[in-house]
Amino acid sequence: MTCHTMAERLIQASWQRRAKAMTAAAGLAGQAAVPLLLCALLAPSGAYVLDDSEGLGREFDGIGAVSGGGATSRLLVNYPEPYRSEILDYLFKPNFGASLHILKVEIGGDGQTTDGTEPSHMHYALDENYFRGYEWWLMKEAKKRNPNITLIGLPWSFPGWLGKGFNWPYVNLQLTAYYIVTWIVGSKHYHDLDIDYIGIWNERAFDINYIKVLRRMLNHQGLQHVKIIASDNLWEPISASMLLDPELLKVIDVIGAHYPGTLTVKDARLTKKKLWSSEDFSTVNSDMGAGCWGRILNQNYVNGYMTSTIAWNLVASYYQQLPYGRCGLMTAQEPWSGHYVVEAPIWVSAHTTQFTQPGWYYLKTVGHLERGGSYVALTDGLGNLTVIVETMSYKHSKCIRPLLPYFNVSHQFATFDLKGSFSQIQELQVWYTKLGKPSERFLFKQLDSLWLLDSGGSFTLELQEDELFTLTTLTSGRKGSFPPPPKSQRFPSVYEDNFNIDYPFFSEAPNFADQTGVFEYYVNMEDPGDHRFTLRQVLNQRPITWAADAFNTISVIGDYSWSNLTIKCDVYIETPEKGGVFIAGRVNKGGILIRSARGIFFWIFANGTYRVTGDLAGWIIYSLGHADVTAKKWYTLTLTLNGRFSSGKLNGKTLWKNISVNFPENGWAAIGTHSFEFAQFDNFRVEASH
């Protein structure tokens with residue numbers, strides 16, 4: 001005789017009831033009692049009280065996710081409808097999918113911030129544009145679905161002009177604070193978006209005086225409601241600094257730590273401030289990632305008093321071979337096909353997000369289960385109760401960081417006693433997830449509700465490894481769905497873009513993923529002819545970097561498995577003498593690794609020369625020579641890669657051929673410039689045969 005899990009029995013029971021198999025109910029009950037009794041004898045049980053009579057715990061601030069840090073939503077924007085709206089519904093629509101309470105976005109700073117660059121609203125000192133990139137669009141889409149969503153802005157990199165020649169944002173504190181405040185004011189003025197929280201500098205040094213200057217400037221602009229979160233790094237030294245400086249303590253509203261491993265530190269608790277895990281997860285969205293997410297959503301509060309957990313990243317909408325591929329709550333990396341995948345972390349999120357709201361309170365009675373796992377309980381103070389129980393195993397819930405100390409989870413019974421104002425609750429809705437083998441796997445399934453009338457406010461759960469239960473008085477939970485999206489397809493093997501868009505909705509051309517520099521749609525006022533609409537690299541100085549940006553600008557596109565291909569593009573160097581541009585194939589690295597990218601790069605320079613190199617940095621030189629090239633003139637470059645051989649044409653005439661290239665064997669296509677310089681590209685075309 002096997003001991004079926006309680007969840008399996010509930011599922012079976014609900015199927016039997018649907019088949020109206022109620023006739024022999026008394027007889028069935030007699031048979032079911034024997035295995036139940038045996039199971040009860042074999043498995044240990046623990047008793048847990050859920051009580052509000054001694055007061056409540058900390059206020060809950062919500063569950064959320066990060067778009068940015070960087071360019072993680074890059075491919076989402078050019079999804080065709082209805083698929084783009086469906087993806088957004090799964091992320092933000094209340095009582096549907098992940099139903100997120102918080103959206104945190106990168107304040108684009110023109111630098112490489114993990115999977116690409118995001119454009120700044122101020123590329124240059126006298127420049128302001130609040131329609132670049134896609135974060136404002138994303139915030140508006142989130143607000144459309146959930147008007148109450150909390151919005152957070154945080155910079156990773158900053159435009160170079162703020163540093164006055166130094167790679168440092170705190171050279172002029174007033175100037176940097178002004179730059180951040182303009183982003184907040186612009187969000188409201190141009191997009192009617194109220195930013196709720198603002199951060200300092202992601203995972204980098206904070207400056208105590210800067211934080212105070214920022215608070216004063218926010219207040220001066222009438223933005224008293226915008227709260228400050230610091231320092232989006234470790235718990236220290238920010239917590240100790242706050243305890244030593246009363247003014248700093250006063251101006252910081254939330255201490256945000258990254259990847260805290262569910263633990264906090266004494267100094268952070270002593271500040272009496274809200275504690276958040278303001279970036280966490282960052283794990284491939286398989287069942288392992290879902291297990292990680294389920295465990296930390298509970299244990300960040302149980303172990304570390306953190307009242308908000310924010311996942312990096314919101315949706316994996318970037319080429320999968322970039323760093324941290326598929327580390328989003330769901331996957332949407334194929335706008336050309338419309339294919340997307342609603343991954344398990346979406347439904348793990350729903351266990352908490354659909355049955356709580358910011359402003360609810362944790363009970364003081366939360367904790368660990370005797371045989372591994374944890375439970376939390378939250379209330380709105382109006383009689384509603386939500387209990388979330390997780391039994392994620394060590395083997396199936398490792399996050400990418402930090403290292404997880406070993407722990408054991410085993411089969412157990414857990415009895416919960418509802419006391420205080422909850423003792424009168426008559427019915428609890430039950431939602432269930434089981435991660436693991438496909439035959440046993442359930443994601444966010446509603447089971448039969450529990451009736452507590454005869455049990456004196458007590459109920460018992462049978463728990464196996466890798467399960468999630470939500471028990472709640474709320475009846476609004478729902479597992480949203482759409483018809484299946486289109487099947488997955490490769491990036492088109494023939495792809496072209498002439499950039500001829502008069503009023504583009506987004507500043508960047510679809511599918512191009514900028515890895516250093518920023519490439520934007522551009523209108524040539526003085527060129528009424530073929531090159532009126534182009535794509536232009538617009539940075540003229542190196543940004544204040546967050547990662548190791550290359551010394552050349554580059555934007556990649558296409559299928560990473562491309563090997564044999566022809567890339568053709570019209571190019572225009574704007575900088576006399578020193579300028580240079582390239583087209584490239586088989587580019588094998590991007591994101592924070594862009595500096596070491598290999599590939600086959602075909603360069604032309606304004607000084608009348610060409611080069612063929614095996615890397616972006618230009619150390620590996622295959623060929624160089626004279627070319628009839630100057631600045632301020634259009635040229636057509638063609639690069640053909642076939643097996644181990646490559647050749648290049650300038651204006652249709654062969655410039656070099658049969659150069660042997662052995663590495664890499666495949667990679668993206670790319671365009672770019674020799675340095676941070678203005679240059680234009682037009683009539684881009686790739687023909688690939690994989």
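Helices (H or I, at least four residues) and strands (E, at least two) are DSSP runs, numbered from the N terminus. The views below come from a predicted model, where local features need pLDDT of at least 70, side-chain atom pairs count only at pLDDT 80 or more, and totals for chains, interfaces and linings use all residues. Residues are numbered from 1 along each chain as its sequence is written, and side-chain values use heavy atoms, with hydrogens and water left out.

**View 1. T472 sits in strand β22 (residues 467–472).** Is T472 buried or exposed? With 0% relative accessibility, T472 counts as buried, a word used here for under 20% relative accessible area, while exposed is over 50% and partly exposed is in between (1.4 Å probe, protein chains only). The side chain of T472 has a polar atom 3.4 Å from the backbone oxygen of L385 and one 3.0 Å from the backbone nitrogen of L474. Polar contacts like these are pairs of N or O atoms within 3.5 Å; within protein, one must be able to donate a hydrogen and the other to accept it, and residues adjacent in sequence count only if both atoms are side-chain atoms. Setting aside residues up to four places away in sequence, T472 touches F355, L385, T386, E427, L428 and Q429, where contact means heavy atoms within 4.5 Å.

**View 2. Q537 belongs to strand β26 (residues 533–537).** Here, too, we look at a buried side chain: Q537 has a relative accessible area of 0%. A polar atom of its side chain lies 3.1 Å from the backbone nitrogen of V518, and one lies 2.9 Å from the backbone nitrogen of L539. Beyond its neighbours within four places in sequence, Q537 is in contact with several residues, including G517, F519, T553, T673 and F678.

**View 3. D232 and K104 are joined by a salt bridge.** The term covers a side-chain nitrogen of Lys or Arg within 4 Å of a carboxyl oxygen of Asp or Glu. In this pair, the closest N and O atoms are 2.9 Å apart. The two partners come from distant parts of the chain, 128 residues apart: D232 is in strand β7 (residues 227–233) and K104 is in strand β4 (residues 102–107). Both D232 and K104 are buried. By the salt-bridge rule, the count comes to 21.

**View 4. Two further salt bridges link R132 with D127 and D194 with K188.** The R132 and D127 side chains meet at 3.0 Å, N to O, and both R132 and D127 are buried. For D194 and K188, the closest N and O atoms are 3.3 Å apart. How much of this second pair is left open? D194 is partly exposed, with a relative accessible area of 33%, and K188 counts as partly exposed at 38%.

**View 5. Helix α3 (residues 83–92) is largely enclosed by the rest of the structure.** Why is it described that way? Because eight of its ten residues are buried. The buried residues of α3 are R84, E86, I87, L88, D89, Y90, L91 and F92. Their cover includes β4, α4 (135–145), β11 (315–316), β12 (330–334), β13 (339–341) and α11 (344–353). D89 also takes part in a network of salt bridges with E141, K144 and R145.

**View 6. The largest cavity holds about 100 Å³ of space.** On a 1 Å grid over the protein atoms alone, a cavity is a set of points where a 1.4 Å probe fits but cannot get out, and a pocket is an open set with protein on both sides within 12 Å along at least five of seven lines; lining residues have an atom within 4 Å of a point. Grid points are joined across faces, edges and corners, and a volume is the space filled by probe spheres set on the points. The structure holds two cavities of 30 Å³ or more. Residues lining the largest cavity include E106, E118, H121, R132, W136 and W183.

**View 7. The second largest pocket has about 280 Å³ of space.** Its lining is made of 19 residues, of which G261, T262, R295, L404 and P405 lie nearest the centre. Which element gives the largest share of the lining? Helix α10 (residues 287–302) does, with four residues.
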